[in-house]
Amino acid sequence: MEFANGGIRSIFDDPDYYAKAFKTWAGFASKFEVLAGWVDEVFPGAIAAKLAANVADKESPLRIMGVGSGTGSMDCDMMAKLSAHFPRIANTVVEPAGSLMLQYKDLAKTKGFDTSGWVWRQQTWRQYMDSRGSTNGIPAGERYHFISTTHALYYMTNWQDVLMEMVGCLTEGGMLMIIVVAEDSGCSRFWKRFPALENTTFKFITSGDVQQVLAANGIESELFQQKSSVNIDCCYDKDNNKDAEHVADFLTQALHFQKTAPPDFVKEVLSYVAEPECSFKKGGELYFNNDWAAVVVTRNGVLQK
């Protein structure tokens with residue numbers, strides 16, 4: 001797969017390398033700690049309490065779905081909060097990467113969840129939707145009280161359609177939570193500056209884009225923004241080659257970006273990333289503004305079970 005500016009391959013062309021680059025990026029971003037903090041501080045009031053008010057029947061299982069849940073770290077944290085209101089939770093996981101799903105299963109067991117009734121779908125969203133109503137046991141009219149997708153919408157073909165399909169899979173009173181890059185983040189400004197880096201597998205989608213599509217379809221949404229940053233100082237440290245390569249590649253979504261892109265383009269990208277529009281200095285080190293936002297939709301009405 002090639003980028004619009006030619007010759008630069010997508011990081012997804014090498015899944016093993018992508019996993020390594022993501023691990024490095026997440027480490028410099030304290031990604032999972034930030035997500036866990038948001039679940040502790042914001043999720044209970046923004047979603048869990050509202051679901052508790054919308055769902056009258058607490059005896060039946062709360063039906064939830066995670067889309068592109070990865071290793072399940074955030075999903076498990078959210079379920080722990082939901083368990084305070086709902087003693088029974090029926091969880092469906094839609095995740096195309098088998099290795100990540102296995103990690104999710106192990107994590108859920110470690111945290112003490114009863115996964116015996118959970119549904120594991122190693123599928124893309126499109127594969128899941130295409131299988132609804134088929135002979136494999138997914139009811140055509142299956143609905144959920146809560147659907148979440150965290151930094152996964154970027155990877156979905158025809159994401160605008162996917163967004164509306166997710167809304168359509170909610171029960172009345174159900175809630176959808178979509179976490180993506182914040183509209184006013186440094187990451188968003190970086191994407192707008194270098195649209196040639198966008199490729200057919202990874203789309204530049206921000207919270208503003210999501211809310212715009214929802215509004216165009218007459219759907220109201222709430223926005224909960226979260227501060228987040230990534231230490232990118234290594235990208236300018238010639239002695240830290242491996243970390244620098246991983247971080248630069250994940251930032252640009254390009255495979256071996258600094259080795260394969262034209263030198264002038266590499267210089268332009270790294271120069272712009274270091275500007276105040278994208279980054280800030282803290283403790284003498286450079287941090288990329290990677291703020292994200294949770295867009296939350298509540299399907300109107302108190303749901304009927």
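**Helix packing and cysteines in a predicted model**

Biologist: In this predicted model, at what angle do helix H1 (residues 15–29) and helix H2 (residues 31–41) pack?

Modeller: Two packed helices are described by the angle between their axes and the distance between the axes. For H1 and H2, the axes are 6 Å apart. The angle at which these two helices pack is about 55°.

Biologist: How are H1 and H2 oriented to each other?

Modeller: The angle between H1 and H2 is about 55°. An angle counts as roughly parallel under 35 degrees and as roughly perpendicular from 65 to 115. The orientation of H1 and H2 is therefore described as oblique.

Biologist: How many nonpolar residues does the contact of H1 with H2 have?

Modeller: On the H1 side, the residues in contact are Phe22, Ala26 and Ala29, and they meet Lys31, Phe32 and Val34 of H2. By class, this contact of H1 with H2 has no polar residues and 1 charged residue, and the number of nonpolar residues is 5.

Biologist: How are helix H8 and helix H12 oriented to each other?

Modeller: Helix H8 spans residues 186–193 and helix H12 spans residues 263–273, with their axes 11 Å apart. The two helices pack at an angle of about 150°, and angles over 145 degrees count as roughly antiparallel. The orientation of H8 and H12 is therefore roughly antiparallel.

Biologist: How many disulfides does a search of the whole structure find?

Modeller: A disulfide is a covalent bond between the sulfur atoms of two cysteines. The cysteine sulfur closest to that of Cys234 belongs to Cys235, and at 4.4 Å it is too far for a bond. For Cys278, the closest cysteine sulfur is in Cys187, at 8.5 Å, which is also too far for a bond. The number of disulfides found in the whole structure is 0.

Biologist: Is Cys278 buried or exposed?

Modeller: Cys278 has a relative accessible area of 1%. A residue counts as buried when this value is under 20%, so Cys278 is buried.

Biologist: How far apart in space are Thr110 and Asn199?

Modeller: Thr110 lies in helix H5 (residues 98–110) and is exposed, with a relative accessible area of 67%. In sequence, Thr110 and Asn199 are 89 residues apart. In space, from C-alpha to C-alpha, Thr110 and Asn199 are separated by 37 Å.

Methods: Residues are numbered from 1 along each chain as its sequence is written. This is a predicted model: local features need pLDDT of at least 70, side-chain atom pairs count only at pLDDT 80 or more; totals for chains, interfaces and linings use all residues. Side-chain values use heavy atoms; hydrogens and water are left out. Axes are lines fitted to C-alpha atoms, for helices over the stretch in contact, and angles run from 0 to 180 degrees between N-to-C directions. Helices (H or I, at least four residues) and strands (E, at least two) are DSSP runs, numbered from the N terminus. A disulfide is a pair of cysteine sulfur atoms within 2.5 Å. Buried means under 20% relative accessible area, exposed over 50%, partly exposed in between (1.4 Å probe, protein chains only). Contact means heavy atoms within 4.5 Å. Ala, Val, Leu, Ile, Met, Phe, Trp, Tyr, Cys and Pro count as nonpolar, Asp, Glu, Lys and Arg as charged, and the others, Gly among them, as polar.
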